[in-house]
Amino acid sequence: MKQVVQNYKSGELAVLDVPVPGCKPGGVLVRTAYSLISTGTELMKVSEAGMSMLGKARSRPDQVAKVVQSVATNGVPATYRKVMGKLDSYTPLGYSLCGVVEQVGAGIDDVKVGDLVACAGNEHALHAELNWVPKNLYTPVPDGLAPRHAAFGTVGSIALQGVRQGEPQLGEVALVIGLGLIGQLVVQLLAAAGVRVVGADPDPARCELAERLGAEACGDPGSASVEAAVAELTGGHGVDQVYLAAGGSSNQPVELAARLCRDRGRVVDIGKCRLDLPWNAYYEKELDVRFSRSYGPGRYDPEYELEGRDYPIGYVRWTERRNLACFLDLMARGSVDVEPLVSHVAAFDDAVETYRSLKDGELKAVAVLFRYPEQTEEAPEAPAVAVPAVNVTRTTARAAGTPVRVAFIGAGNYATSMLLPHLAEREGVELSTVVTTTALSAANAQRKFGFARATTDLDAVLGDESVDAVFVVTRHSSHADLTRKALLAGKSVFVEKPLALGEDELAGVLATVEETGNDRLQVGFNRRFAPLLQEAKRRFGARTGPANLRYLVNAGRLEHGSWYLRQGSEGSRFAGEGGHFIDTASWLLDADPVSVYAVATPGNEDLQVVLRYPDGSTVTISYVTTGASGFPKETLDLVADGKVLRLDDFVRASVYFEKSTAGRKRWVSSRLPKARDKGQNAELAAFFRAVRTGGPMPVPLESLVATTAATLAVPAGLAGGAPVTLARHR
């Protein structure tokens with residue numbers, strides 16, 4: 001097998017072929033799927049190895065003291081041979097990984113071969129293809145948690161143990177100094193615990209990331225902004241806790257901690273920073289200085305770590321292993337999101353080059369993962385997302401010509417600004433009932449748009465036989481369930497995108513269609529109905545060869561606190577919005593995609609999604625949030641057969657022809673629309689026409705399913721770093 005090693009004397013890094021470790025009793029043999037580089041601890045070790053002997057001595061005074069003691073005991077020659085022998089040896093790197101149990105040792109009964117586990121320990125969770133891990137240093141991965149996220153378990157436990165040492169309470173204010181990997185995790189853990197957080201780091205990008213992940217405010221520790229934020233949040237009293245997650249030789253962190261901490265506050269040292277405590281400052285406030293020892297109780301205890309002797313839970317609630325399991329659970333439940341921290345995923349074979357890039361500063365990263373051979377996806381399964389087949393025997397259509405009675409579930413901003421204004425005066429449509437979770441929002445919608453009734457009782461609406469069509473315009477996490485319930489009630493359904501946030505949800509909707517025969521379903525993919533784009537497609541004409549389509553979406557940043565940012569419960573932003581662009585591309589190409597490949601910038605803010613189609617056509621969707629707000633939101637170019645179609649933000653469209661028998665080489669939309677028409681009105685007209693006449697729905701159900709499956713494949717592609725096949729079931 002292969003393993004990453006380093007020679008501490010020369011600084012050499014290598015990926016060596018080494019023997020497979022034996023599976024001893026009391027542990028398991030684990031085949032690594034992903035391992036995490038600690039960009040703090042490991043890079044410090046790598047940097048130290050490149051120093052001169054004097055530099056090494058200065059950086060490790062604790063080891064120098066041992067050498068001095070050895071000289072006194074054994075003499076200079078023996079000590080020299082011992083030290084040189086130890087330095088001139090390969091040492092391992094790594095201490096946090098996720099993998100699959102390959103063999104179970106004697107005495108282990110909590111996991112079996114094939115189970116996914118997260119592992120810890122700088123002697124057992126190494127950057128190696130196989131590791132033997134003792135019982136108290138692994139824990140099973142919860143269902144649904146991606147392996148690459150579970151690889152954060154150890155560093156998450158370090159951050160969690162640090163937060164426990166601070167003993168935070170609801171409503172308190174904390175300062176986190178150092179917003180590297182550990183600091184970012186501490187920010188999220190504190191926010192999840194109901195603590196308001198201020199961050200300090202000289203890197204503006206890390207400050208911005210921490211604010212997106214829950215910090216109230218962040219800034220350079222040398223600026224006045226951090227002090228001002230603390231004063232505002234605490235009424236001038238100072239923070240309740242300070243977490244030192246910084247490294248380096250500067251004494252600024254401990255001095256800043258003393259200045260901004262309240263009287264009798266707590267200062268917790270998690271990282272390895274200089275700790276020359278200014279005596280007067282700490283004495284006058286009687287500050288409580290605490291140290292956080294790695295992953296938690298059990299660390300450095302060989303009886304716990306190697307022999308598997310657990311501490312009784314009644315005496316030691318949070319041990320190393322319990323911290324590890326707790327952090328995995330927090331990720332699985334969406335309380336902590338590590339995906340925005342992933343700056344780079346490297347192939348394990350490229351480990352040496354990856355460390356070099358990190359050390360030289362070419363690769364700016366918060367967290368870097370190694371992906372191991374045969375692990376190209378989030379889980380050991382083949383890289384594919386299912387596209388369920390549509391098998392339905394349709395029910396009898398409603399009587400044609402009668403008015404369509406409509407119920408709205410949800411009356412938020414999109415419903416009241418983009419849909420209901422088109423319906424309030426539409427002939428042949430009666431706004432029957434609006435259902436919301438709060439009485440006042442229902443009453444407001446009733447007053448504005450003329451609904452006959454307003455209620456918070458969903459069941460009463462679904463059971464109302466006079467209602468023909470139901471609009472689902474709620475938060476993303478409820479779409480699939482509400483759609484399924486409305487279909488079961490025999491209603492025609494218009495659901496805003498996305499239709500589903502997971503494969504199970506999508507399969508559930510399709511199972512309901514098959515069970516009931518009710519396929520009267522439309523998803524709010526409105527762009528294909530935009531008059532300007534429809535005219536441009538008509539002018540472009542039929543294709544004979546494969547096409548290339550580029551779609552730039554300048555999405556912009558969301559306001560802090562937007563529910564769109566709640567990835568744990570509402571899915572990613574692209575999961576909610578990306579279906580729009582995939583559907584538009586598929587409609588322009590008159591086909592459904594067969595594979596999806598996705599890459600992202602650090603933090604997954606900017607995405608590149610590449611779709612491949614049956615005839616060889618390709619679509620690249622650039623979904624960016626870091627562009628200028630003044631630039632148009634959507635621009636699209638379709639190239640094929642010597643022709644180019646261009647769309648500029650639904651304001652202007654043009655088609656260029658290489659040759660034209662009519663002598664025209666270009667068509668340009670004749671006038672600028674008064675407003676961007678993205679097709680909502682035409683989409684609603686098509687939906688109601690289908691409901692009223694009993695004709696086919698505007699978008700075939702097969703297309704809705706294919707677009708949803710392609711959208712769901714994006715996170716799988718990001719996780720695995722490889723194309724994801726859209727496997728169609730028959």
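**Reading strands, helices and contacts**

Author: Strand 28 and strand 29 (residues 643-648) are paired antiparallel, with 6 bridges between them. The model is predicted, so local features need pLDDT of at least 70 and side-chain atom pairs count only at pLDDT 80 or more, while totals for chains, interfaces and linings use all residues. Residues are numbered from 1 along each chain as its sequence is written, and side-chain values use heavy atoms, with hydrogens and water left out.

Reader: What do strand and pair mean, and which residue stands opposite D637 in strand 29?

Author: Strands (E, at least two residues) and helices (H or I, at least four) are DSSP runs, numbered from the N terminus. Two strands pair if DSSP finds at least two bridges between them. Here D637 stands opposite R646 in strand 29. The hairpin of strand 28 and strand 29 has 2 residues between the strands, and D641 takes a positive phi near 55° there. Strand 28 is also joined to strand 24 (residues 548-554), in the antiparallel sense, by 6 bridges, and L552 stands opposite T635 in strand 28.

Reader: How many residues of strand 28 are buried?

Author: Buried means under 20% relative accessible area, exposed means over 50%, and partly exposed lies in between (1.4 Å probe, protein chains only). In strand 28 (residues 634-640), 6 of the 7 residues are buried, so the strand is largely enclosed by the rest of the structure.

Reader: Are V513 and G144 buried or exposed?

Author: V513, in helix 19 (residues 503-516), is buried, with a relative accessible area of 1%. G144 is exposed at 85% and sits in the loop between strand 8 (138-140) and helix 5 (147-150).

Reader: What is the strand order in the open sheet of 6 strands?

Author: In a regular strand the side chains alternate between the two faces of the sheet. The order here is 11-10-9-12-13-14, with parallel pairing. The edge strands, each pairing on one side only, are strand 11 (217-219) and strand 14 (288-291). From one strand to the next the twist averages 20°. Within the sheet, 4 bridges join strand 9 (residues 173-177) to strand 12 (residues 239-244), and L175 has V242 in strand 12 as its bridge partner.

Reader: How is the packing of helix 6 and helix 7 described?

Author: Two packed helices are described by the angle between their axes and the distance between the axes. Axes are lines fitted to C-alpha atoms, for helices over the stretch in contact, and angles run from 0 to 180 degrees between N-to-C directions. Helix 6 (residues 153-166) and helix 7 (residues 181-192) pack at about 55°, with axes 9 Å apart. That makes helix 6 oblique to helix 7; angles under 35 degrees count as roughly parallel, over 145 as roughly antiparallel, 65 to 115 as roughly perpendicular and the rest as oblique.

Reader: Which residues of helix 6 and helix 7 meet?

Author: Contact means heavy atoms within 4.5 Å. V155, G156, I158, A159, L160 and V163 in helix 6 meet L181, I182, L185, V186, L189 and L190 in helix 7.

Reader: At what angle do helix 22 and helix 24 pack?

Author: Helix 22 (residues 573-589) and helix 24 (residues 701-720) pack at about 130°, with their axes 9 Å apart. Helix 22 is therefore oblique to helix 24.
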